[in-house]
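Morning, everyone. I have a new structure to walk you through.

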Amino acid sequence: MSAPGSDGPTPPRALISAHGISKQFAGVEVLRDVDLDLYPGEIHALLGENGAGKSTFAKILAGVFRPSRGTLALNGTPVEVPTPIAAQRLGITLIHQEPISFPDLSVAENLVLGRNEDRPLGRVRWGDLKRDADRLMGRLGIGLDVTRPMRGLSIADQQMVEIARALASDARLIIMDEPTAPLTPKEVETLFGIVRQLRAEGRTIIFISHRLEEVRALCDRVTIFRDGNRIATEDIGKLTDGDIIRLMIGREVKGYIPKHKATIGDVALAVKNLTLHGKFEDISFEVRRGEIVGLGGLVGAGRTDVARAIFGVAPAQSGTIFVNGQAVEIKEPADAVNQGLAFVPEDRATAGIFRTLPVEQNITAAVPKTIAPKGIIRRALERTVAGDAVQRLRVRLASIRQPIGELSGGNQQKAILARWLLTDPQILILDEPTRGIDIGVKAEFYEMIGELAASGRAILVISSELPELLALSDRVLVMSEGRLTANLPRGEATDETVMHAAVPRSKSNGNAQVAA
Amino acid sequence: MNVMDIMRRREAGIVVMIVLFSLAVGILQPRFLTVETLRIVLLAVPLILVAAMGEMMVIVARHVDLSIGSILGFTAIVAGMLWRDHPELPIILGVLAAIGLGAVLGLINGLLVTIFKLPSIIVTLGTLSLYRGLLFYYSNARQVDPQYIPHGLIEMSQTSPIFGIPWIIIIAFLVALATYFFLDHTRLGRQIYAIGSNPVAAPLRGIRAVPITILVFVISGALAGLAGIMYASRFGYVNPGITGVGFEFTVIAPVVIGGVSINGGVGSVGGTVLGVILLGAVSVALPMLGVSGFWQDAIYGAVILVALVIDRSVRQGGIKGLLARDAA
């Protein structure tokens with residue numbers, strides 16, 4: 001086991017040095033001139049809001065993306081990392097949150113596949129393979145039958161196999177992208193033990209997590225990203241939780257979002273003690289007519305699960321939903337539609353559109369009775385209904401008959417919104433309505449959402465973009481790890497109060513309690 | 001549970017099915033349980049076995065090759081016409097020509113599937129027709145009659161080097177043995193399983209999915225070419241409108257029954273060999289029992305469907321396996 005950098009009298013040399021790393025996607029700069037040195041034997045946390053650039057940076061190191069500008073050096077030698085395989089050869093391994101594997105092959109094979117590529121006809125010696133695999137797993141202290149197939153292993157065990165894989169290729173830099181999110185507390189402890197062991201062996205670990213508590217427990221240094229820039233790199237002991245949060249959010253809200261004026265009426269939607277174990281616990285809130293309520297929090301906090309429960313996609317185990325003051329039972333989306341609800345899901349591609357069908361059919365999909373009064377679709381009616389909707393929402397398209405998959409993301413999103421507006425919903429739930437659409441269309445969306453509220457509808461918007469959340473909402477709810485941690489009226493909702501409520505922290509760390 | 005355990009259980013299951021089937025038929029028709037019947041069954045399998053080795057590799061890689069029947073016909077007719085037009089040509093040159101042509105036709109399949117990213121079921125459905133049409137054109141729709149097939153080749157189906165087992169049976173089992181070694185004991189073989197198990201992950205793991213997929217189609221084509229030679233040897237003629245027609249289903253059925261999953265990544269040579277023998281026994285037994293040809297097709301089809309249902313439940317390990325997959 002060589003420990004790079006420890007063999008000279010000079011101060012420890014960086015294992016990997018990033019210099020001026022920048023990355024653009026479709027003309028948008030998501031990473032800007034990032035310099036960072038990582039040393040052997042350190043566990044280094046990358047922190048930042050969703051979209052701050054930390055994952056992009058990690059993926060550049062791991063060869064998933066190529067930087068638009070900038071250079072990387074390994075032990076002082078400039079290197080190119082064009083592919084994940086190249087990264088692996090250089091000793092850099094990225095461990096995905098939900099590891100990729102070959103489910104039909106054995107654990108042992110998953111450990112070695114893809115290495116020794118240069119001798120494809122080389123023999124597989126099953127005895128040696130099993131012995132090597134057992135030894136690797138033994139080093140990590142994991143008692144896993146290496147001859148069993150990967151299929152059916154827990155996520156925690158799959159991560160362990162990935163780590164063992166990294167060791168098998170003698171990885172010197174191991175990047176873990178939010179490894180703890182799907183794990184139980186006990187599994188997290190096991191993982192931490194192994195990560196510390198890797199550090200003791202002189203390896204470098206990059207640890208990406210939203211949980212400050214875990215970062216404190218595990219990491220030596222922390223680098224904070226914001227809006228594609230590296231904001232700070234410090235020893236973890238020198239920063240308080242408050243410092244970290246301020247560094248993560250420290251930017252002013254941009255002024256392009258119109259403030260909307262609403263006349264707030266009666267309660268349209270209320271939920272009480274909604275619980276779905278493992279997803280969210282004891283959620284209660286209400287949304288009034290004319291009101292836009294924002295639901296903020298970090299990715300994975302359970303916001304989408306709450307929306308799906310209200311809409312009957314994956315109903316809650318306990319708790320009550322009230323519509324216009326009446327307790328209602330919503331077991332499936334059809335029930336929700338009958339109650340006047342509409343839900344525009346986050347994942348357009350898989351949950352929202354019928355890619356290959358024409359725009360008109362996509363729009364009228366939610367109102368079969370309108371366009372087919374006697375069970376037979378009346379084409380002319382369908383065209384008129386869809387045409388009106390397209391005009392009202394200013395969907396830009398070549399023809400109403402073109403497949404919806406050909407439209408830009410923003411226009412697809414508008415078409416889906418148009419579909420739901422046809423059902424004349426009184427309560428609208430929008431999950432990340434502006435994700436992946438460009439700024440011009442975003443502004444139109446904000447205007448539309450404002451108009452919908454002004455017409456007396458109740459609106460619940462899930463958004464991971466703080467400025468959007470703050471500017472749109474009359475009230476901001478914040479979730480963290482499945483619980484509602486704040487309910488802030490417009491005046492009190494700021495970057496800081498929302499982030500304080502969103503970031504999971506240890507209970508003992510009492511210096512930054514939620515200001516709700 | 002161990003992968004090998006499942007495989008072994010699947011293979012044991014087929015052995016049990018073969019034994020039960022033979023006993024049941026034997027009770028109704030004692031003539032079935034004789035060495036002579038065993039010889040007939042074994043003579044029925046070599047063509048299917050050889051082509052099944054190629055087809056199983058293709059299916060393990062999560063593809064399918066529907067064109068093997070046409071490749072078999074094409075290669076058989078080309079070899080037969082070579083021998084007819086050049087009677088002095090050594091047998092081996094005809095054999096090599098058939099295998100080489102099969103490899104080229106397989107290469108075309110592989111290139112269409114990988115370079116143009118077309119689904120293999122459509123590509124090979126197209127080449128199934130295309131190759132058959134070309135072979136009609138090439139042969140002027142004329143049969144190669146028995147007198148033109150080299151005597152030495154026909155003898156390979158009749159004479160035996162050992163224990164009275166004809167050459168083509170020995171060759172078929174040697175091919176199966178080589179396939180077993182390749183798939184189970186070389187890195188390349190295991191990578192075929194990896195590609196079929198998770199095509200998205202394979203390139204991320206440094207597995208060269210494109211050339212390996214092409215290779216798999218080339219092997220399938222070459223083995224269909226070898227089966228074409230075996231056809232000429234076994235039946236003594238080659239007919240453009242008969243030879244190899246419908247052969248793809250004759251081959252895919254035992255492959256699937258043998259436990260090769262149509263979802264890729266799963267399957268063993270042993271299981272496939274047993275699947276070929278089971279269906280060989282079925283095809284020999286039905287006429288002996290006086291079952292009409294009409295019903296033979298229906299029973300054959302029913303056996304395939306039952307095997308698919310079993311495949312589904314084994315792969316998913318019941319509800320638990322399903323949930324684990326959704327969670328992943």
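Start with L430(A). Its opposite number is V461(A), which sits in strand 18 of chain A. This is a predicted model, by the way.

Now the strands around that pair. Strand 17 of chain A covers residues 427-431, and strand 18 of chain A covers residues 458-462. They run parallel, with 5 bridges joining them. As a reminder, strands in a sheet pair through backbone hydrogen bonds, parallel or antiparallel.

What packs on the sheet here? Helix 9 of chain A, residues 303-310. Helix 9 touches strands 13, 16, 17, 18 and 19 of chain A. Its direction makes about 150° with that of strand 17 of chain A.

In chain A, 6 strands line up as 16-17-18-13-19-20. The sheet is open, and the pairing is mixed. Which strands are at the edges? Strand 16, residues 341-344, and strand 20, residues 483-489, both of chain A. Each pairs on one side only. On average, neighbouring strands in this sheet are turned by 15° against each other, ignoring direction.

Chain A overall, then. It has 18 helices and 20 strands. It has 516 residues, and 44% of them count as buried.

On to chain B. Here we get 15 helices and 0 strands. Of its 328 residues, 46% count as buried. Its C-alpha trace spans about 65 × 55 × 35 Å along the principal axes. Is chain B compact or extended? A compact globule with 328 residues would have a radius of gyration near 20 Å, and chain B has 20 Å, so the two agree.

Notes:
Residues are numbered from 1 along each chain as its sequence is written. Chains are lettered from A and ligands numbered from 1 in the order in which they are written. This is a predicted model: local features need pLDDT of at least 70, side-chain atom pairs count only at pLDDT 80 or more; totals for chains, interfaces and linings use all residues. Helices (H or I, at least four residues) and strands (E, at least two) are DSSP runs, numbered from the N terminus. A residue is buried if 20 or more other C-beta atoms lie within 10 Å of its own, exposed if 12 or fewer, and partly exposed in between; C-beta atoms are placed from the backbone. The radius of gyration is taken over C-alpha atoms; the globule rule is 2.2 Å times the number of residues to the power 0.38. Two strands pair if DSSP finds at least two bridges between them. Axes are lines fitted to C-alpha atoms, for helices over the stretch in contact, and angles run from 0 to 180 degrees between N-to-C directions. Two residues are in contact if their C-beta atoms, placed from the backbone, lie within 7 Å.
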